[in-house]
Amino acid sequence: MSAFLAAWSDVVAGGAALVDAALDVDPVGGSSVAWDEACTTLGVARVPQAARQPACHSRQQTRGVPLEEANQALDAFVATRRAALLSTLTPAQRVVAEAGLGTLLEHAKAQFAMRATEPVTRGLFKHAKAAASKHQYGTSSRPEAYVLACPSCGGPRQTEALTCVFCGGDL
Ligand SMILES: [Zn+2]
């Protein structure tokens, strides 16, 4: 696996882990050891204690850290990895990788926003949630579209491209 592809899968996995950590706090608006560490590492300006629950309630969040804190952490996470990720690429690859990063960030934020406002009673609203999630992402009906990857090498891809810019394989 090339250095780029190792770094790319690291960003995909790290973004998903960050969304999970942002959701996995109790109670809503709270924090966790994992989240505190992530925020310290990423230099996130925390929402003050007294403002956390009101911030979550104003957005109908049923779980997770305040939305602005999660978004800030995701922005910082991608920013810290962008330079290293793009450094080894050709200009053509860089264009695809930049677009892939933007899409990944957008969908990680959308994932958090969707899951943070889901009803906490699991199961009952499954059908309604499945129907709602189909319309969550504008033109895309697939929440997992941000991991849209080359089947040969796993690199990010452009939907219009016929050939993978990272491995030359057919898409
Ligand atoms: Zn490829």
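**Figure 1. Helices H1 and H4 run roughly antiparallel to each other in this predicted model.** The axes of H1 (3-23) and H4 (67-86) come within 10 Å and cross at roughly 170°, where axes are lines fitted to C-alpha atoms, for helices over the stretch in contact, and angles run from 0 to 180 degrees between N-to-C directions. Angles under 35 degrees count as roughly parallel, over 145 as roughly antiparallel, 65 to 115 as roughly perpendicular and the rest as oblique. Phe-4, Ala-7, Trp-8, Val-11, Gly-14, Gly-15, Leu-18 and Ala-22 of H1 meet Ala-70, Ala-73, Leu-74, Phe-77, Val-78, Arg-81, Ala-84 and Leu-85 of H4, two residues being in contact if their C-beta atoms, placed from the backbone, lie within 7 Å. Sorted by class, this contact of H1 with H4 has 13 nonpolar, two polar and one charged residues; Ala, Val, Leu, Ile, Met, Phe, Trp, Tyr, Cys and Pro count as nonpolar, Asp, Glu, Lys and Arg as charged, and the others, Gly among them, as polar. Residues are numbered from 1 along each chain as its sequence is written. Because the model is predicted, local features need pLDDT of at least 70 and side-chain atom pairs count only at pLDDT 80 or more, whereas totals for chains, interfaces and linings use all residues.

**Figure 2. Helix H4 also packs against helix H5 (residues 91-116).** The axes of H4 and H5 are 10 Å apart at an angle of about 160°, which makes H4 roughly antiparallel to H5. On the H4 side, the contact is made by Leu-67, Ala-70, Asn-71, Leu-74, Val-78, Arg-82, Leu-85 and Leu-86, while the residues of H5 include Arg-94, Glu-98, Leu-101, Leu-105, Lys-109 and Phe-112. By class, the contact of H4 with H5 has 13 nonpolar, one polar and four charged residues.

**Figure 3. Helix H2 (residues 33-42) has buried residues on one face.** Trp-35, Ala-38 and Cys-39 are buried in H2, and, seen down the helix axis, the buried residues fall within an arc of 95°, so they line one face of the helix; the arc is that of the directions from the helix axis to the C-beta atoms. The face turned away from this buried side carries the exposed residues Val-33, Glu-37, Thr-40 and Thr-41. Helices H1 and H4 are among what covers the buried residues of H2, and H2 is followed by Gly-43, whose phi is positive, near 70°.

**Figure 4. Cys-56 is a buried residue of helix H3 (residues 49-58).** Cys-56 counts as buried because 24 C-beta neighbours lie inside 10 Å. Its contacts, not counting residues up to four places away in sequence, are Val-28, Gly-29, Gln-61 and Pro-66.

**Figure 5. The chain as a whole has six helices and zero strands.** Helices (H or I, at least four residues) and strands (E, at least two) are DSSP runs, numbered from the N terminus. Buried residues make up 27% of the 171 residues in the chain.

Key: A residue is buried if 20 or more other C-beta atoms lie within 10 Å of its own, exposed if 12 or fewer, and partly exposed in between; C-beta atoms are placed from the backbone.
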